[in-house]
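Okay everyone, thanks for making the time.

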Amino acid sequence: MLKFPIAQNLTELDRQKGNLLFSKEVTFLKGVVDILGLPNCNRIEVCFAGRSNVGKSSLINAITLKKSLARSSNTPGRTQEINFFTLANTNYLVDLPGYGYAYAPIREVEKWQKLLKDYLTGRASLRRVFLLIDSRHGVKEIDEDVMLLLDKAAVTFQVVMTKIDKPNKKELQKSIEKTQRALGKHPAAFPEILVTSSAKMEGIDTLRTTIANIE
Ligand code: GTP
Ligand code: MG
């Protein structure tokens with residue numbers, strides 16, 4: 001049996017549940033630069049993690065249907081704070097700085113990478129990490145490092161393949177399979193993956209419903 005299958009097509013009821021949650025108000029709450037600045041753990045929290053430029057901010061904009069809620073950019077390292085967005089009066093969506101690469105002074109990079117690590121491993125209300133993997137590249141060594149970190153901290157992560165509009169079918173299939181194989185080694189991996197394109201709005205409904213189903 002194939003492990004880590006792609007999440008199945010939604011029933012109409014599932015879709016409605018996702019749409020209902022995401023029809024509620026979304027607002028930017030704050031950008032956190034220090035672990036002491038984190039807001040209270042009183043909402044269902046999910047975050048978006050991944051290498052610089054993988055498409056974290058774009059995905060938040062896609063699921064909320066707000067073009068420029070989260071700042072996205074061609075320059076890797078654009079997001080340098082932990083950005084909290086409130087969704088309805090129940091959820092937090094959290095946009096993280098990317099790891100692995102950045103156009104920024106080394107000391108600054110070290111500072112926000114430590115913040116990222118502390119957040120990912122020590123946040124009580126964090127229900128799930130969406131770990132974004134570029135569908136052209138598959139899982140890289142640095143992604144493996146983050147998965148190991150999450151295994152150790154027993155924080156569930158679900159892989160979201162991004163930018164599926166970019167590779168051709170064969171390349172896409174290959175990188176999905178490579179990713180599924182990599183997940184086999186990680187006890188903290190959620191047993192389904194998601195495949196998305198923010199540019200083409202593919203897989204966005206499924207991601208919304210996935211979030212709506214987390215309690
Ligand atoms: P950092 O904050 O720097 O870590 O980057 P990020 O992961 O938030 O990536 P961001 O959303 O800023 O997107 C990076 C680049 O990829 C931008 O130029 C986006 O327009 C582009 N991009 C994001 N999602 C997609 C997608 O689904 N398809 C395509 N073709 N491009 C995308
Ligand atoms: Mg970003």
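Before anything else, one term we'll need: I'll say that a charge sits over a ring if NZ of Lys or CZ of Arg is within 6 Å of the ring centre and within 35 degrees of the ring normal. And keep in mind that this is a predicted model.

With that term in hand, here's a case of it. The charged end of Arg128 sits over the ring of Phe190, at 3.9 Å from the ring's centre. There's another one: Arg43 lies over the face of Tyr92, and there the distance to the ring centre is 5.3 Å. Hold on to Tyr92, we'll meet that residue again.

Let's step back to the whole chain. Going by secondary structure, we have 6 helices and 7 strands. Starting at the N terminus, the order reads α-β-β-α-β-β-α-β-α-β-α-β-α. How compact is the chain? Its radius of gyration is 16 Å, close to the 17 Å that the globule rule gives for 215 residues, so the chain is as compact as a globular protein of that length. If you want a box around the C-alpha atoms, take roughly 45 × 35 × 35 Å along the principal axes. Buried residues account for 50% of the 215. And if you look at contacts between residues at least 6 apart in sequence, 77% of them join residues at least 24 apart.

Now the sheet. It's an open one with 7 strands, in the order β1-β3-β4-β2-β5-β6-β7, and the pairing is mixed. Which strands are at the edges? Those are β1, residues 26-32, and β7, residues 194-195, each pairing on one side only. Helix α6, residues 204-212, packs on this sheet and touches β2, β4, β5, β6 and β7. The direction of α6 makes about 160° with that of β5.

Zoom in on β3 and β4, which run antiparallel to each other over 5 bridges. Here's Tyr92 again: this residue of β4 is the bridge partner of Thr86. In the loop between β3 and β4 you'll find Ala88. Ala88 has a positive phi of about 50°, even though it isn't a glycine. Is Ala88 buried or exposed? Its relative accessible area is 17%, and buried means under 20%, so Ala88 counts as buried. Lys163 is another non-glycine residue with positive phi, near 55°, and Lys163 is in the loop between β6 and α5.

On to the aromatics. The whole structure has 4 aromatic pairs. One of them is Phe48 with Phe130, stacked, with 5.4 Å between centres and 25° between planes. That pair links distant parts of the chain, since Phe48 is in β2 and Phe130 is in β5, 82 residues apart. Both Phe48 and Phe130 are buried. Tyr92 turns up here too: ring pairs link Tyr92, Phe84 and Tyr119 into a cluster.

Last stop is Gln113, in helix α3, residues 106-122. What does Gln113 touch, leaving out residues up to four places away in sequence? The answer is Gly98, Tyr99 and Gly100. Gln113 and Tyr99 are 14 residues apart along the chain, with their C-alpha atoms separated by 6.9 Å. As for accessibility, Gln113 is at 23%, so this residue counts as partly exposed.

Terms used. Residues numbered from 1 in each chain as written. Chains lettered and ligands numbered in written order. Predicted model: local features only at pLDDT ≥ 70, side-chain atom pairs only at ≥ 80, totals over all residues. Heavy atoms only, no water. Pairing = 2+ DSSP bridges. Helix = DSSP H or I, 4+ residues; strand = E, 2+ residues; numbered from the N terminus. Contact = heavy atoms within 4.5 Å. Axes fitted to C-alpha atoms, helices over the stretch in contact; angles between N-to-C directions. Phe/Tyr/Trp six-rings, centres within 6.5 Å; stacked < 30°, edge-to-face > 60°. Buried < 20%, exposed > 50% of the residue type's maximum accessible area, 1.4 Å probe, protein only. Rg over C-alpha atoms; globule rule 2.2 N^0.38 Å.
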